[in-house]
Amino acid sequence: MPNVRTLGSLISEGAYGVLPKGDSYLERGGVRFLRATEMGIDNQIDWTSCLRAPIEFSRHERAKLKKGDVLVAVKGATIASEKSVCLVDDLDEPTIINGSIFRFQPTNEVTGNFLLEVLSTEFLKQQMKGAMILNNAVDYLSRTILDSLIFPLPDKTIQKKLVAEMKAARSARQQKLAQA
Amino acid sequence: MLSGLDEYLLSQLGLVPQTEDNRSVFAVRLAQLHSKRIDATAYQPFYAKGHPPKTPTKSLEEIAEIDKNVAPRPANEKDLVPYVGLPECELTDVREVVMRPFFEVRGRSVIKQGDILFARIEPSVFNKKYVLVDDLKGKDYAYTSTEFYVVRAKPIYVLQEYLYAIFFCSFVFAQVKGKTTGSSGRRRIGLDLFSLLQIPVPNRDLQKSIATEVSHRRSEARRLRAEAASDWAAAKAHFEQELLGKSTKP
């Protein structure tokens, strides 16, 4: 039988970000502030366009990015789009996320890279689109919805093989787009 | 293809690569400031000191019309009209034309076949999202997003295809970068400064030759993008099949 799992069972720790007021952003100083806008296709995060939030927002431990975090855009048109999932491969500066992103650390049973690919499949996107709810007239993925997403979890050897194949395909695509 | 266009344009036009100029002391004519913004960054010289362009330049407002199209008004406010916004465009092409109620798009700019759509707001303005409208999917016109300027060359000065090409040149792009204003994440280029961009205007033969080369490069870029999209779709389908099928069987 397939080892069908919920996403919730593969999250060791996760949370939404914070929502500073629109007029509180800083030109410099403070703490780097990542929004869903900075999440791009092909797992690209545009760190250069991050805003800066007042340093007091750093007190929200839950909103602090960690290396290896999987990020999911949970509000509006970005949900289940090509830019809705990213993985934090590297982190060169303390950063907090805003409330339109859910960040989580995977358990030992699964790699972040594998979850990145799984959450980008149509199978998962359909689940997200079918379950999202309206919150103040904006589509939204609640923690309950995220936890309940289901998919088969192959063993780690197969996870590794599938991730390697997707990595090669992504690289080939990026090369072609760069040529274009 | 399009990413290597800058080098080609610079060499054809005898221009040197441009970088943002941070000079804080320079002269401008008083008439340029009259009734306009007075922040210094908006008027900084755009070419490296001692390297003025060898090709003559004219301001964009002199050689092109910006946001001048009009469309017939529908009988009813709720009538559907064609619309092309940022999401309906690829980097250089119109992907689809959607229909929206007139009351939602009233007052916005109108695009027609052959127009250039210049994305004016971050991040598109820095990604060079410049669309040449060569396929309006059978529509005569479409309303567009306020995030685009609609540009049409005045034929007595420049060819439309040449004008489109020159937006990709660092000589123009350096000016665009220097003239964006606003806070980080929301930077944009205002119409007053966009109109003042200095555009190299070579002779008609060179314009034609550049336009032909750019048209060829654009077709090739389109082909590569389509190929990349198709290969990627196949890879994703394979992954999904492995995930949901074979790999999960006991």
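In this predicted model, strand β2(A) pairs with strand β8 (residues 101-106) of chain A in the antiparallel sense, and five bridges hold the pairing. One facing pair of residues is A:Ile11 and A:Pro106, the latter in β8(A).

These two strands belong to an open sheet of four, ordered β2-β8-β5-β6 in chain A, with antiparallel pairing. At its edges stand β2 (11-16) and β6 (85-87) of chain A, each of which pairs on one side only. On average, neighbouring strands of this sheet are turned by 20 degrees against each other, direction ignored.

Is A:Ala73 buried or exposed? A residue is counted as buried if 20 or more other C-beta atoms lie within 10 Å of its own. A:Ala73 has 23 C-beta neighbours inside 10 Å, and therefore counts as buried. Beyond its neighbours within four places in sequence, A:Ala73 is in contact with several residues, including A:Ala36, A:Met39, A:Ile79, A:Ser100 and A:Ile101. A:Ala73 and A:Arg35 are 38 residues apart in sequence, and their C-alpha atoms are 8.9 Å apart in space.

The next topic is where the chains meet. Here 26 residues of chain A are in contact with 25 residues of chain B. On the side of chain A that touches chain B, at least two residues each come from α1 (112-119), α2 (122-131), β11 (150-152) and α4 (156-179) of chain A. Of the elements of chain A, α4(A) gives the most to this side, with 11 residues. By class, the side of chain A that touches chain B has 17 nonpolar, three polar and six charged residues.

Chain B has strands of its own to follow. Why is strand β9 (residues 148-153) of chain B largely enclosed by the rest of the structure? Five of the six residues of β9(B) are buried, so the strand counts as largely enclosed. Strand β2 (residues 64-66) of chain B pairs with β9(B) in the antiparallel sense over three bridges, and in β9(B) the residue opposite B:Glu65 is B:Arg152. Strand β6 (residues 116-119) of chain B also runs antiparallel to β9(B), joined to it by four bridges. B:Phe118 stands opposite B:Tyr149 in β9(B).

Conventions:
Residues are numbered from 1 along each chain as its sequence is written. Chains are lettered from A and ligands numbered from 1 in the order in which they are written. This is a predicted model: local features need pLDDT of at least 70, side-chain atom pairs count only at pLDDT 80 or more; totals for chains, interfaces and linings use all residues. Two residues are in contact if their C-beta atoms, placed from the backbone, lie within 7 Å. Ala, Val, Leu, Ile, Met, Phe, Trp, Tyr, Cys and Pro count as nonpolar, Asp, Glu, Lys and Arg as charged, and the others, Gly among them, as polar. A residue is buried if 20 or more other C-beta atoms lie within 10 Å of its own, exposed if 12 or fewer, and partly exposed in between; C-beta atoms are placed from the backbone. Two strands pair if DSSP finds at least two bridges between them. Axes are lines fitted to C-alpha atoms, for helices over the stretch in contact, and angles run from 0 to 180 degrees between N-to-C directions.
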